[in-house]
Amino acid sequence: MNPTRTVRTLSVAALLGLTLTACGGGGAASTAQETAPEGTPSPAGGQADAFSITDPWVKAVSAEDGMTGVFGEIANGSDAEIVIVSADHPAAETVELHEVVTEGADATMREIDGGFPVAPGGTRTLEPGGDHIMLMGLTEDLEPGTEATVTVEFADGSTAAFTAPVKEYAGANEEYDGDGHEGH
Amino acid sequence: MASRISRRGLLLGGAAAGVGAAGGALGHRWATADPPPAAEEAVLNGERTVPFHGPHQAGVETPPQSHASFAAFDLGREVDADGVRRLMRLLSDDAARLTRGEPALADTEPELATVPARLTVTFGFGRGLVERVDPGAVPEWLRPLPEFDHDDLDPDRGEADLLIQVCADDPVTVSHAVRMLGKDAQAFTVPRWTQTGFRRAHGSESDGTTMRNLMGQVDGTVNPRPGTADFDDLVWRDTDQGWLAGGTGLVLRRIVTHLDTWDELDRPAREAVIGRRVADGAPLTGGGEHDEVDLTATDASGLTVVPAFAHVRRARTGDPGERIFRRGYNYDLRDHGTPEAGLLFAAFQADPVRQFVPIQRRLDELDLLNEWVTTVGSAVFAVPPGCEEGDYVGRTLLEP
């Protein structure tokens, strides 16, 4: 297939995939491309065009808890690597990209060096016990059944936003090995 | 050990000898390691799915699956209409995924979700939930049934704000779905009760066989047939203009059967109590299971063949609108305490007060079966219409 056309096709898919309805939708939520709400904000092109995320979700927490994780399966629809270098959420003072390092029975999460690269045509899974986007210093509760809008920034400066349902989840309690933050 | 091995060897040897004797062609095929003849593409029942989305919720017309769990919840005191909306969006999403044989979002045991086995998830709203959202939207019939003399109701199995009926042909599937839905309900509700029931296992009987209850009776013969105009009229609120259009009403009653005293009855007495033959469920006046009972037929002594106190006689009124659709399950609890067995009587009808209550009144007045059954739990729910993909059950009430 013509690579140029591939990228163009996928950029449309990425556009449509930016906002995922929280739920109620079976198929809608299982593939980002199928959900196409009106008025989706445009990404700034570049690597963001190749980005999509399937089944994103956020662990519900109170502002008092202070921090939580964002999960889902990221896909790169282009034939070049894309790298997520940072992320943002309106109610989080700080957002970091984390990995989890397991030593014996102890799982410790820490900021990952070099962001989240996604290979050409590849996927990267953000999941409890593994890579995730960490929201810290929350200024409001993230309540179950609400939606959280997360913006990710790529190495080339392009950005993409997606909406993820907030769900209760008992796991994702790794100790945080960072400066000035206690485990959550 | 040695004897076991030799016995196994003997069995295998015998089997091989049998094959050899059965036919040279087959024996040859095996001997030369040719692939065996292409077996029919067997579809595992565990892979079968029932669509969650549609104008009506699944789990009503769906041919009853082997296992059911009815889980009831009350809303937390602080949960408002927006909270109910968020809850129903989460639960509808879980149901849509699980019924497709996919894990729910954030499913901690995704592998348990891969055997749908005709899983259906059906939501019912109690009076408390509808009042919380919009007191003006409560249907007249959505309230506790009137008191019946023979009932001995335990409030711990009574009315609740939200019911989730989960049915599948596999009990592990039911367990996983109930747990997953319960986790997403946790932030909004407190559990009230869960009642689980069963029918014959999938594949044990031909599809469409009327179930037997644990008293041994064919139970549910006179039932409107899904897909017929009669069923639609009796069950679906198709002419309703409000939020329940396309929905229905559910009466769920826990009926204890007193099997020890039932055991004292000989077969003729059991048949007289019901008015049907135990063997095949046919009316005592003859014919097959689905033939009409002749309530006027008399025997040689001039007495009616179906006694005045018989269940079949008492369960019908003269009004054809006073009929219901039964979709019950047996239950049998023996793990601890006094054993309790009975029927989770689940009946769907457009208007429980108009359709179910007159029948139950007649049974309460006179039905010899009352000697061996006692209703100990009773609840009424409004079952909202189904939803399309991307939508959620309850939107017609929550975002009219």
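What is the mean pLDDT of chain A, and what share of its residues reach 70 or more? The mean is 79, and 72% of the residues of chain A reach 70 or more; pLDDT is the predictor's confidence in each residue, from 0 to 100.

This is a predicted model, in which local features need pLDDT of at least 70 and side-chain atom pairs count only at pLDDT 80 or more, while totals for chains, interfaces and linings use all residues. Residues are numbered from 1 along each chain as its sequence is written, and chains are lettered from A and ligands numbered from 1 in the order in which they are written.

**Figure 1**
In chain A, the pLDDT is below 50 over residues 1-43, a stretch that has 99 contacts in the model beyond near neighbours in sequence. Two residues are in contact if their C-beta atoms, placed from the backbone, lie within 7 Å. Residues 180-184 of chain A also stay under 50, with 9 contacts beyond four places in sequence. Chain B has a mean pLDDT of 90, and 90% of its residues reach 70 or more. Its residues 1-33 stay under 50, and the model has 4 contacts for them beyond four places in sequence. Where pLDDT is low, the predicted coordinates should not be read in detail. The model scores ipTM 0.82 and pTM 0.84.

Chain A contains 3 helices and 11 strands; helices (H or I, at least four residues) and strands (E, at least two) are DSSP runs, numbered from the N terminus. The order of elements from the N terminus is α-α-α-β-β-β-β-β-β-β-β-β-β-β. Of the 184 residues in chain A, 43% are buried, where buried means that 20 or more other C-beta atoms lie within 10 Å of the residue's own, exposed means 12 or fewer, and partly exposed is in between, with C-beta atoms placed from the backbone. Among contacts in chain A with a separation of 6 or more, 66% are between residues 24 or more positions apart. A:Asp55 lies in strand β1 (residues 51-59) of chain A. A:Asp55 is buried because 21 other C-beta atoms are within 10 Å. Its phi is positive, about 50 degrees, although A:Asp55 is not a glycine. Most residues other than glycine have a negative phi.

Chain B has 11 helices and 9 strands, and 41% of its 400 residues are buried. In α3(B), 16 of the 19 residues are buried, and the helix is mostly covered. At 1.5 Å a residue, these 19 residues should span 27 Å, and the end C-alpha atoms are 26 Å apart, which agrees; the expected span is 1.5 Å times one less than the number of residues. B:Gly101 follows α3(B) and has a positive phi, near 80 degrees. B:Ala117 is placed in the loop between α3 (81-99) and β2 (120-125) of chain B. Phi of B:Ala117 is positive too, near 50 degrees, in a residue other than glycine. B:Ala117 counts as buried, with 24 C-beta neighbours inside 10 Å.

**Figure 1. Helix α5 of chain B and its packing.**
Helix α5 (residues 171-185) of chain B has 15 residues and reaches 21 Å from its first C-alpha to its last, close to the expected 21 Å. Its buried residues include B:Val174, B:Ala177, B:Met180 and B:Leu181. The buried residues of α5(B) pack against β10 (159-167) of chain A, together with β1 (67-75), α3, β2, β3 (162-168) and β4 (189-198) of chain B.

**Figure 5**
Strands β7 (residues 329-333) and β8 (residues 340-349) of chain B run antiparallel and are joined by 5 bridges; two strands pair if DSSP finds at least two bridges between them. B:Tyr331 stands opposite B:Gly342 in β8(B). The hairpin has 6 residues between its strands, and B:Gly337 in the turn has a positive phi of about 70 degrees.

B:Tyr392 is in the loop between β9 (373-383) and α11 (395-398) of chain B. With 27 C-beta neighbours inside 10 Å, B:Tyr392 counts as buried. B:Tyr392 and B:Arg100 are 292 residues apart along the chain, and their C-alpha atoms are separated by 16 Å. B:Arg354, in helix α10 (residues 352-365) of chain B, counts as partly exposed, with 15 C-beta neighbours inside 10 Å.
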